[in-house]
Structures are given as C-alpha cells and as structure tokens.
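This report describes selected features of a predicted protein model.

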Amino acid sequence: MSDFLLELRSEEIPARMQAGARAELEKLFRREMDAAGVEAGEITVWSTPRRLALIARGLPLATEAVSEELKGPPVGAPDQAIDGFCRKAGVDKADLETREVKGRETYFAVKNVPGRATADLLAEAIPAIIRDFSWPKSMRWGDASISTESLRWVRPLSGIVALLGDEVVDCEVHGVTSGAVTLGHRFHHSGDITIGNADDYAMKLRAGHVIVDHEERQDLIRSGAAMVASEAGLRLVEDEGLVIENAGLTEWPVPLLGRFEEDFLEVPPETIQLTARVNQKYFVCEDDKGELANAFICTANIEAEDGGARVVDGNRKVLAARLSDARFFWDVDRKKTLAEHAKGLERITFHEKLGTVADKVERVAKLARWLVEEEIVKPNTRHSREGGNPDNGGGTGNSGQLDPRLRGGDGLSREDLAEMAEQAARLAKADLVTEMVGEFPELQGLMGGYYARAEGLPDAVADAIRDHYKPVGQGDDVPTAPVTVAVSLADKLDTLRSFFSIDEKPTGSKDPFALRRAALGVIRIVQDNDLRFGVAQGDLLDFFADRLKVQQREAGVRHDLIDAVFALGGEDDLVRLLARVHALQFFMDSEDGANLLAGYKRAANILKKEDWHGAEGEIARTGEEDPLAIVDDPDLKAVVAAKMEQRHASELSYAAEPAEKALMDALAKSEPAASRAIEDEDFSAAMAALAALRAPIDRFFEEVTVNADEENKRAHRLDLLARFRAAVHKVADFSRIEG
C-alpha cells in the first residue's frame, strides 16, 4: 500500500471557484480509480490561489488479475447477433466458449485481465482528470490555443506533481510534464521545492510560506482578525463568507487593522460595510457601543518587514476613494425627496404587459390602504418594534407615552394607519432610482428607509420602506409592525396577482419572477400576524396551497394530513386552514385518532362496495320523488338534508339493535357538536367531538350486520355509515389519510 500525491499548479484560481474545484478533483479521481478497479480510501483535497492538491491514502501498488465472463447468444443464433456480441466483448469468435444454460448450448466470452501497476493506471488517469475538469469559466493559452481541441483550464496550467510513495508518476498534459518539484510563496520563497512524498508535502510548502490547507487558512483569518480588532479595543463584525473568500485569495494570510476618517461614519453603516466587503474584501469592526467604528481589517498575503504599515496605508487610500464615492451618492440622493425620486419610476418598465414600476406602486398603494380600511391589518397588530431611528432609541417623552412617530403603527387610528400605509407604499420603490442603490442594488429598501428618516418622515413609514421586501428568505425576519405588514403584504400580493393575471406562472424549476418566494412571504406574514382574509382565488389559491404544503412538510407536518384538509376545498383563509391542519395532526397522533381512522376506512369501503349514495340515491332507486330534491338552491340544502333525515328517522320500521342505537345517539350528539366547533374555529373541540364516535363505531361493526337480508335494515345501516362518513368529512377528508 502506498500514498498518492497530486498537485495541479496554475496561475491564480478565483476564490469563488475553489470549493467547486476541490469537489470536482475528488469526483474525477474516484471515477478513474473505480474504472481501473482500484479502491480509493481516504482522500484529502486542498486548495490555494495557485494550486489544487489531492492526497489518496493506502492505494495498492498493483491491481489483481481478474477473469471476466460475459454471457452471449445461444449457439445457432444469427451470425449478426454473434458478431455484435464479439465486438462488445472485445474477443474473436474463435475464442468464444460454449456452455449449457437451461438445456441449451450458449456462447460465453471469457477475458482474463492481468493485474496492472497502479503507477501505470495513475499515469493514464491524471491526463483524463485534467482534460475532463469542469470549471465555471476556463481559458486556452499559448500557441496551441489556436485549436479548439487544445486544453482548457481556469488559468494557464504550469506544473504537475504526481508521486506514488516516493516515486514520480510520469505523465504529460499540454506540454506540462509531471515531477516532484513545486513552487512556494510568490514573494516569500524563491526557487524550487522538491517534494519527497505525500507526508512531507504540507510541511515543505509551509517552509516555503504556503499553508496548503484552506481550512487552516480560514481559521488563521478568523482568529487573527478577531485578535487585531480586540487589541484595538474593538469587536470584529463576523462574516464567514468573507473569511472563506480571503482564504481563497492568500497562501500566507496576515490580518491587519487600519483606520479610515471618522467623517465617513456619517454615511449609513450598511453602505460602509458593503463598500468594504464587496469592493475590497475587508472586514469591519464595532465599538463597545455596538456602533460601526472607523476601522477595517484587510488580509495581507505577506509578512511585511514594517509590520504591514505600508500595506495598511495603501489599502486605506483605496478604501477612502470608495467611501468618498459612497458619501457622494449619499449627499446627492438627499438633495431630492423620496417623492421626487419616485417620479423616476415612470421610466422603468416593470413588465411589458404590466406597465411601469410607477404603475405597480399605484396598485400597491391602493391595496395597502384597502388592507387597513378592511381591518385586515389593524393598528393593534401584534408586533415587537422593528428598528426605527437608532438615535432616538424608541424612548418615551416626558408624558411617558411613546410618540406614534417612533412606533410601528400602534396607537394610531385606522385612518392614520391607512394614510401611513399608502404613503409608505408610494415611496417604497423610490430608492431604485437613487445613485446609491444604482451602485449597490443590495441596499434597495434599506436606503429608502434612511432617506425617509433623513427627510423627517414618520419612523413607521421609514421602517415600512426599509422592510417591505421582508421576509426574503427562510431565515429572514417577518414584519409585524402594522404599516410594514400592510406594505409588504400588498407588494407581494400585487406581484402574484399581476403575473398570474397575464399567465406568467412558475413552471417546473423555472420561476423568473420569484413568485414562489413571494407566496411563501405572504404565508409567513399572514401566519405570524394572524391575518384573516381570503388571500386568493382560482389558480392563485391553488398555488398558495402548493406553497403551504411545501412549507408545512418542511415544518414536520405529514403530507397526507395536509392533503386531507386541502381536499375539503373552498378555503382561502390560511390561518383557519393551518389551525385545522395542526389540530388534525395532534388528533391523529392520539389513540382515538388512529382508531377512528380505522373505523372510517371500514365504513368508506363498505359504502364504496355497495355504491351507496345516501338519501338521494335511495330516492332514485325506489322511484320516489321529493320535490325539494330537484331544487338547486344552496340556501335550501340544509332544509333538504333535515327533511331527508327526519323522513328516515320516522321510517325506521324495526327495533334498532343496541349497538345500532348507540351509534345513532352518538351521531346525534357529535354531528352538531362538531359543526358548532368548526363554526367557532375550535378545531380541537371538533376533533374531540369526533373522538366520541370511536367506541360506538367499533361496537357497531362488532355487533351489527350491515348487509342484512331485510332491505329496510340494510338501507338504514348504510345511511348510518354515510352519516358517520359525512360527520368526519366536516373536519377533513379522511380518505386522504394514510394508515
């Protein structure tokens, strides 16, 4: 057994591609080894900006000889079939053997494959791995690049180290030959580094100022940045993505702290952090008050003789230029009010069939006001205060009463709340035409909130502008302040209704307008704020139902229970629907629920087998005609049902058996109790009412013959089972429940 080392060295590999490259290298290596019959055990893959490295432990020095047998056509088969089999097996017809299979002579191809040296297999595998390597973007280089058949790699490939044990695995790719020699750090080490084997690879590169293990570099950046921040009396603002990116940019990371002018802190802190992060890959820091400090942390790729002073100074100048741009955008944007900026939305097309963004804003504003006026969103919506002006702290005045301007909308009249919701909706998209959002699209909404506060608009309006896109993802906060709820909900509902109206619906994995995300956002807002209204109709309601099923399945709710409630149909109140689903899940987890389900399925099977359609079916079968039966007025449905029930009760022409009478009495109590509970939206009580049917239905099946010889007994008992089924269906369609 021996260890194998492969290093593929090139010019700088983009940091964002390195994780995928590590996975690709391991996948292709395993593919080649599996094809060669070599079992690859523990594999380690590392990356730096200039190299990919793979170490495979415990490879055999050679593969074992094997004998392979392939069964072919029977003797006497057409020559064409036999020749095709020979080509597939790679043998001549004269080499075929015949054996008896089920009393018939059959051809077999026997191939004896000799063992091969693993080094030879690796020499063939390495070029295949390099040529088949998939990069998000790649290039050709040199004279050979004239041909489209030349090698493509992320950057020019410059070196290959391939060692099996202490021996070089000889191969050549695109003019680059393998060997045992690599290079160290670009600035800290000159000359070649000769690798002895896989065990000394990381050690020798470390001596050449290269930390080849990307996770070790991440740890150094993470701890080093926190340390230099702490030494300056600051706290590092953690950013794991930035840690990984800086590790992909350096082979010898050295975190350094620098300062920028305090005047830049006048700019919103998110702008500073985004400028530092996106443009320069810098971390930012906070002071002991939790506010952004005028400090940044860059990650150098060298250990400078002056302790990094010149590196920090150079990075400070570059950051200052970027922050000057941000401050310029901030100053220029505030020269106009948001209302003035909003006029520019008339020039932006939302969708060719739906008009401009200004048209969308008009629809959202009307819908936001309607949500308040219809008391779907109320001034006393349950919430905790969201943000607000950090300078005022959300405190109270001398009277001890919270100024409504500093609140999310509580304490306002319905008309005041409606005015604020409409105002916020009309201004929510205005920052899309500002200079700052043009430079940093990620800040849309957030900058609108800052501009609104800067021009003195109420905090409830500013908060709504800032947060109206929320929730964006699964872990994002859900708005709960009334003004924000109204605007956020209106914005998402308008998007959904508009695109469904022009038949632009998600198909398969395609969702170009993020309608699934919008629907989930609506669902979460409705749930968290207990909003009671019909969210949609028709196809859009079905779309909400599908999104709700996905959400509830991810939350651990059984899919069949969700289907059982949705199958009732006609429900567009998401809060009520979910309450029914959760009550059903709790009930089905109980012994009563499981037993009632068993009784239901037995009753349903009997009714299906007998093709029983209840009272109306009986009328059709006996030739009777009830004038009310043909009345197609939904208002008379209850009258018809009551009349038929009364007629059947009065027609009971035999003495009911005890178990039969017990089920009749139980239904007489449970049916109205469950109906009242459903009307009161007390679904747990409805389930409890159904639970009272468990014992009577079990006893009924044990003691009563449903398909009695007497027609009147049979009809009544089938009707009794139909009543039982109908009572259960008021809560959920139990036929959809598994078990």
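## Confidence of the model

The chain of this predicted model has a mean pLDDT of 88, and 91% of its residues reach 70 or more.

An open sheet is formed by 3 strands, arranged in the order 4-6-5 with antiparallel pairing. The edge positions belong to strand 4 (66-74) and strand 5 (97-101); each has a single partner strand, so one side of each lacks a neighbour in the sheet. Direction ignored, neighbouring strands of this sheet are turned by 40° against each other on average.

Strand 5 and strand 6 (residues 104-113) run antiparallel and are joined by 5 bridges. Within this pairing, Arg99 has Thr106 of strand 6 as its bridge partner. Helix 2 (residues 79-89) packs on the sheet, where it touches strand 4 and strand 6. The direction of helix 2 makes about 165° with that of strand 4.

Arg99 also takes part in a contact with an aromatic ring: its charged end sits over the ring of Phe108, 4.9 Å from the ring centre.

## Pro74 in strand 4

Pro74 is located in strand 4. Leaving aside residues up to four places away in sequence, Pro74 touches Arg104, Glu105, Thr106 and Tyr107. Thr106 is also the bridge partner of Arg99. Between the C-alpha atoms of Pro74 and Gln585 the separation is 60 Å, and the two residues are 511 residues apart along the chain.

Strand 16 (residues 292-300) is mostly covered, with 9 of its 9 residues buried. In a regular strand, side chains alternate between the two faces of the sheet. In strand 16, Leu292, Asn294, Phe296, Cys298 and Ala300 point one way, while Ala293, Ala295, Ile297 and Thr299 point the other way; all are buried.

Two antiparallel pairings involve this strand. Strand 14 (residues 254-259) is joined to strand 16 by 6 bridges, and Gly258 stands opposite Phe296. Strand 15 (residues 283-286) pairs with strand 16 over 3 bridges, again in the antiparallel sense. Here Val284 has Phe296 as its bridge partner in strand 16. The hairpin of strand 15 and strand 16 has 5 residues between the strands, and in this hairpin Gly290 takes a positive phi near 80°.

## Aromatic pairs

The structure contains 14 aromatic pairs. One of them joins Phe4 and Phe29, whose ring centres are 5.8 Å apart and whose planes stand at 10°, so the pair is stacked. Since Phe4 belongs to strand 1 (residues 2-10) and Phe29 to helix 1 (residues 15-36), the pair ties together parts that are 25 residues apart in sequence. Phe4 counts as buried at 0% relative accessibility, and Phe29 counts as buried at 1%.

A tilted pair is formed by Phe350 and Phe499, with 5.6 Å centre to centre and 50° between the planes. Phe350 lies in strand 17 (residues 349-351) and Phe499 in helix 15 (residues 482-501), so this pair ties together parts 149 residues apart in sequence. Phe350 is partly exposed, its relative accessible area being 23%, whereas Phe499 is buried at 2%.

## A ring cluster and a further charge over a ring

Phe133, Trp135 and Trp153 are linked into a cluster by ring pairs. Elsewhere, a charged side chain again faces an aromatic ring: the charged end of Lys549 sits over the ring of Phe566, at 5.3 Å from its centre.

Note on methods:
Residues numbered from 1 in each chain as written. Heavy atoms only, no water. Phe/Tyr/Trp six-rings, centres within 6.5 Å; stacked < 30°, edge-to-face > 60°. Helix = DSSP H or I, 4+ residues; strand = E, 2+ residues; numbered from the N terminus. Buried < 20%, exposed > 50% of the residue type's maximum accessible area, 1.4 Å probe, protein only. Lys NZ or Arg CZ within 6 Å of the ring centre and 35° of its normal. pLDDT = per-residue confidence, 0-100. Pairing = 2+ DSSP bridges. Axes fitted to C-alpha atoms, helices over the stretch in contact; angles between N-to-C directions. Contact = heavy atoms within 4.5 Å.
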